[in-house]
Amino acid sequence: MKRNLWTALAALVIIAAVLPGTAGCAMPGSSGSPAAEIVVLSGIDPNTLDPYLMTTLNPEENIGFHIWDQLVWRTADRELVPMLATSWALIDDLTWEFTLREDVDFTNGEHFTAEAVRFSLERARDLPGSVNSTPYGISYAWSEILDDYTIRIHTERPAPNLTRELSNFNIVPPRYYADTPLEELAEHPVGSGPYRFVSWERDGPLVIEANDDYWGGAPAIQKITMRAVPEASARIAELETGAVDLISNVPPDQTNLVQTDRSRVEAMEGLRRIFIYIHLEEGKPWADVRVRQAMNYAVDVNTIGETLFAGYARRYATFMNPPNDNPDLKPYPYDPEKARALLAEAGYPDGFDVILNTPVGRYNKDKEAAEAVAAYLREVGIRAEVIPVDWSTYLQEMLVPRQNLQLGLIGFGTTTSELLEAQQLTKDYPLEITDWYNEEYEALYAQAAGTLDREERLALLYRAQAIAYEECPWIWLWRQYNFYGVSKRLQWTPRADERIDFRGAAIVVD
Amino acid sequence: MLRYILRRSVWSLFVLWGVTLLVFFAIHLPGGGDPSMLYLPLDVSREQLEAFRRAMGFDQPVHVQYLRWLTRAARGDFGTSLRYTRPVLPLVLARMPATLELALSAQLFALALALPMGVLAAVRRNSFVDGLAMLGTLIGQSMPGFWLGMMLILVFGVALRALPISGREGPRHLILPTITLGTFFLARDTRLVRSSVLEVLGLGYVTTARSKGLRERTIIWRHALKNALIPLVTMVGMDLGALLSGTVVTETVFAWPGVGRLVYMAIQQRDFPLIQAAVFVIAVIFVIMNLIVDLSYRYLDPRIRLAES
């Protein structure tokens, strides 16, 4: 009797323990991606698929650039080429004229005309809740439709970079977006792009498939499924199982996990400039430009890059991203002797104390980088104390109200235009943390902002960069690299502006 | 009985109100009263910033903000999420089924294994089997959920390719998250069953039953276990709270689309309305579970029923 009972119990225990494991044995092999279908992972879910309410580049806008077209296409090299607009010209200071393609239809059947452009611009301007919907810096006034395929866009202020800003601006089909309720628009987008929306389960997969009637030719990849997996190691694990084809935001110290015979790492220097801001304050040692220059000479940025980032971080010369960077400026070299000399000259032969704030986990190895920089500063007598702060506190209690600022590590993100990059050092810019004010720089920027000729504008910006280079409102560091994990079967290359683009991608068949 | 339920319900309301107070002030006080800059682009103008602050009520003192929140919540309006720009309560409720599925599954997994293992260990007390079980429970209670989850992913997902490792697309997706979340409770409940059974087996009425000649199986399952279950029932009721909070880590590791993951992201972004609604909903569930546990307690243990009347 007893024995039967124990046997039964033991059997139950064994079965219960083994059952979960056996249930999974019939798993199919590598991902359900036959032919030209891919699965992509991102770190967060999209919130909305309404093009003018999106606030994240990845995944929202990245999906968006496949569903919609823009008037102008920005290439991976940040050049502008025709897209929905075949040509454009400046009519006067406040007017641009665009000639449009005649053979474009939206996937719901509506035909693309100048009216779609006007509708889109005005919808973006008028949609409640769209804080950053209208193209940045464009003071849109009104549109003048000359005929079905010609439109003049009038601005309130001169907009030399209108076309560049429009490369981010998605064109929507007017009737659909006028007649459909907002909640539905957030979940059922329609555009004229190379992909059409198929389905989206909130917190689940989002699927788009190729638009075979695309005016630019049907794309090679037939179907793209996007899912969100918040945890980086879990994303890497998915790539290793072969279930997915592309993951973004691979932590730099886990890139070796991704470099296998099934997958590879794609590393791309991005446009996000990491730097240490130097907050100018009367009476502080760093109010003297020689001290700021000394700080720049004191830090061996490239060695930090080698050690912390396996070489994926090299000092830049100027805050301006290529291709608009001044070629005559070279990165500050590592020269601690010169640093000490400058400090002595400025009256601080014994150095001074300073606080270096840093966020934690906001940028790649931000805290480690700050500590490395502080160590170099201490070598020349600048006794830097690193105080890590969580990002929300950093942003809201220090940067925004400009309180308790001395030195701090931060990054300024990807930008659409060289003018915005220059503006980031002027008084106009809300997050111009250093409070550096140089009359000549401000004048050069103001002039460039109104200069419609690109060569002239560039010349002015080169001079502005040279001034900033001498004045060192920042300790110049590096541009952050972005790391992607890509399966061997996917032919794809990353872009510096962090857009993930599958238009030219293909599946390698072997 | 009815009076008891009524009395408990009133107390529960107090508890819920206290929870809202705690949560509200805990997240608003530490200098974080104004998350505006997290929601606006870095290059927003000062006028836009001020307009946003006014629209959200962030320019009011904290206690005023709380009163406004409370009066609206009483009407069922928990506000709009700062990140998702949609009403908060539906956001939370929509994800509740996924979390409950995971929590329930973990709880069942824990109980299904804890009962036989605990009984076996108690009956085979001090034997090799017992020792093994105790070692196992020690390890199970010591493993952090995050680590266990990643280990399971590496073994079953990457190495064996036997199970899916993220998302919620089918019953097989539930397996690894269940094991991750449930293991701690499995370990603890096994110990609890074991000690309960041991205690009961030593009691007078069991000896009496044996001397009456009853079969051991009857003794254990009909008489002893029922009484041994009483502390377990309490434990299970308490477990639910811990399970719900444990889902935060498990859901993040396995990209399980539930409330835990939502709350984690909301805390990171200081999405106050969302945090409050989520905590409030979880508190409601917890309070209701407590009530049910108390009531079933009274059913299971006649001593309590008798003491009441």
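These legends go with a set of close-up views of a predicted model.

Because the model is predicted, local features need pLDDT of at least 70 and side-chain atom pairs count only at pLDDT 80 or more, while totals for chains, interfaces and linings use all residues. Residues are numbered from 1 along each chain as its sequence is written, and chains are lettered from A, ligands numbered from 1, in the order in which they are written.

**View 1. Here is where domain 1 of chain A meets domain 2 of chain A.** Domain 1 takes in 24-228 + 489-507 and domain 2 covers 271-480; such bounds come from an automatic or database domain assignment. Their centres, taken over C-alpha atoms, sit 34 Å apart. Across the boundary, 12 residues of domain 1 are in contact with 11 of domain 2 (contact: C-beta atoms, placed from the backbone, within 7 Å). On the domain 1 side, the touching residues split into five nonpolar, two polar and five charged. Here Ala, Val, Leu, Ile, Met, Phe, Trp, Tyr, Cys and Pro count as nonpolar, Asp, Glu, Lys and Arg as charged, and the others, Gly among them, as polar.

**View 2. This one shows an open four-stranded sheet in chain A with a helix packed on it.** The strand order is S4-S5-S7-S6, with antiparallel pairing. Strands are DSSP runs of E (at least two residues) and helices are runs of H or I (at least four), numbered from the N terminus; two strands pair if DSSP finds at least two bridges between them. S4 (85-92) and S6 (140-147) are the edge strands, each pairing on one side only. From one strand to the next, the twist averages 20°. Six bridges link S4(A) to S5 (residues 95-100) of chain A, and A:Ser87 has A:Thr99 as its bridge partner in S5(A). Helix H3 (residues 114-126) of chain A packs on the sheet, touching S5, S6 and S7 (150-155), and its direction makes about 170° with that of S6(A). Axes are lines fitted to C-alpha atoms, for helices over the stretch in contact, and angles run from 0 to 180 degrees between N-to-C directions.

**View 3. Strand S12 of chain A pairs with S16 and with S15.** S12 (residues 263-278) runs antiparallel to S16 (residues 474-487), joined by 11 bridges; A:Glu266 stands opposite A:Tyr484 in that pair. S12(A) and S15 (residues 407-412) of chain A are also antiparallel, with six bridges, and A:Arg273 is partnered by A:Phe412.

**View 4. Now for the largest nonpolar core, with its 199 residues.** A core is a set of buried Ala, Val, Leu, Ile, Met, Phe, Trp, Tyr and Cys residues joined through C-beta atoms within 7 Å. Buried means 20 or more other C-beta atoms within 10 Å of a residue's own, exposed means 12 or fewer, and partly exposed is in between, with C-beta atoms placed from the backbone. Among the members touching the most others are A:Ile276, A:Ile475 and B:Ala278. Helix H5 (residues 88-123) of chain B gives the most to this core, with 18 residues. Leaving aside neighbours within four places in sequence, A:Ile475 is in contact with residues including A:Phe275, A:Met295 and A:Val373.

**View 5. Helix H7 of chain A is mostly covered.** Eight of the 10 residues in H7 (residues 232-241) are buried, among them A:Arg235, A:Glu238 and A:Glu240. Just after the helix, A:Gly242 takes a positive phi of about 85°.

View 6. B:Val248 counts as buried because it has 20 C-beta neighbours inside 10 Å. Beyond four places in sequence, B:Val248 is in contact with B:Gly260, B:Val263 and B:Tyr264. B:Val248 and B:Tyr264 are 16 residues apart in sequence and 6.5 Å apart in space, C-alpha to C-alpha.

How values were computed
Contact = placed C-beta atoms within 7 Å.
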